[in-house]
Amino acid sequence: MRIVVDLNRCQGYAQCVFLAPNLFELHGEEALLYNPEVPEDQLEHVQRAAAACPVQAVLVGEEASTVVQ
Ligand code: SF4
């Protein structure tokens with residue numbers, strides 16, 4: 001499963017980092033690093049992270065494929 005984080009929307013709230021620490025990492029205040037290829041066993045975590053993001057910046061699966069980066 002692929003994900004994309006819309007870094008223009010991301011405000012560094014770090015909800016995703018708490019919910020899926022294997023996939024998201026915050027460097028400093030606002031620099032979010034993430035793994036765009038989500039392993040099967042992390043799917044549940046990433047879906048929770050996407051749901052928890054206050055600005056809906058985490059796009060999963062179909063949503064991610066509509067974003068051109
Ligand atoms: S929860 Fe959303 S706004 Fe916060 S760091 Fe993650 S992607 Fe960015």
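Gln42 sits in the loop that connects β3 (31-34) to α2 (43-52); helices (H or I, at least four residues) and strands (E, at least two) are DSSP runs, numbered from the N terminus. The model is a predicted one, in which local features need pLDDT of at least 70 and side-chain atom pairs count only at pLDDT 80 or more, while totals for chains, interfaces and linings use all residues. Residues are numbered from 1 along each chain as its sequence is written, and side-chain values use heavy atoms, with hydrogens and water left out.

With a relative accessibility of 10%, Gln42 counts as buried, a term that stands for under 20% relative accessible area, with exposed for over 50% and partly exposed for values in between (1.4 Å probe, protein chains only). Once neighbours within four places in sequence are set aside, Gln42 is in contact with Asn22 and Leu23, where contact means heavy atoms within 4.5 Å.

Leu43, Val46, Ala49 and Ala50 are buried in α2. Viewed down the axis of α2, these buried residues fall within an arc of 125 degrees, so they line one face of the helix; the arc is that of the directions from the helix axis to the C-beta atoms. As a general point, an α-helix has 3.6 residues a turn, so residues three or four places apart point the same way. Glu44 and Ala51, on the other side of α2, are exposed. The packing partners of the buried α2 residues are β1 (3-5), α1 (15-19), β2 (24-27) and β4 (58-60).

Leu19, in helix α1, is partly exposed, at a relative accessible area of 29%. Not counting residues up to four places away in sequence, Leu19 touches His45, Arg48, Ala49 and Ala52. Leu19 and Leu43 are 24 residues apart along the chain, and their C-alpha atoms are separated by 11 Å.

Met1 belongs to the segment before β1 and is partly exposed, with a relative accessible area of 39%. Apart from neighbours within four places in sequence, Met1 is in contact with Pro36, Glu37, Val38, Leu43, Val60 and Gly61. From Met1 to Gln42 the separation is 41 residues in sequence and 9.5 Å in space, C-alpha to C-alpha.

Attention now turns to the ligand. The space that the ligand takes is the largest cavity. Here a cavity is, on a 1 Å grid over the protein atoms alone, a set of points where a 1.4 Å probe fits but cannot get out, and a molecule sits in a cavity if more than half of its atoms lie within 2 Å of its grid points. Around the ligand there are 13 residues, of which Cys10, Tyr13, Ala14, Cys16 and Cys53 come nearest; a residue is near a molecule if one of its heavy atoms lies within 4 Å of it. The shell around the ligand comprises ten nonpolar residues, three polar and no charged, with Ala, Val, Leu, Ile, Met, Phe, Trp, Tyr, Cys and Pro counted as nonpolar, Asp, Glu, Lys and Arg as charged, and the others, Gly among them, as polar.

Ala14, placed in the loop between β1 and α1, has a positive phi of about 70 degrees although it is not a glycine. Ala14 is buried, with a relative accessible area of 15%, and its C-alpha atom is separated by 10 Å from that of His27, 13 residues apart along the chain. Gln56, in the loop between α2 and β4, has a phi near 50 degrees, a positive value in a residue other than glycine. Gln56 is partly exposed, at 48% relative accessible area. Gln56 and Tyr34 lie 22 residues apart in sequence and 15 Å apart in space, C-alpha to C-alpha.

Key
On a 1 Å grid over the protein atoms alone, a cavity is a set of points where a 1.4 Å probe fits but cannot get out, and a pocket is an open set with protein on both sides within 12 Å along at least five of seven lines; lining residues have an atom within 4 Å of a point.
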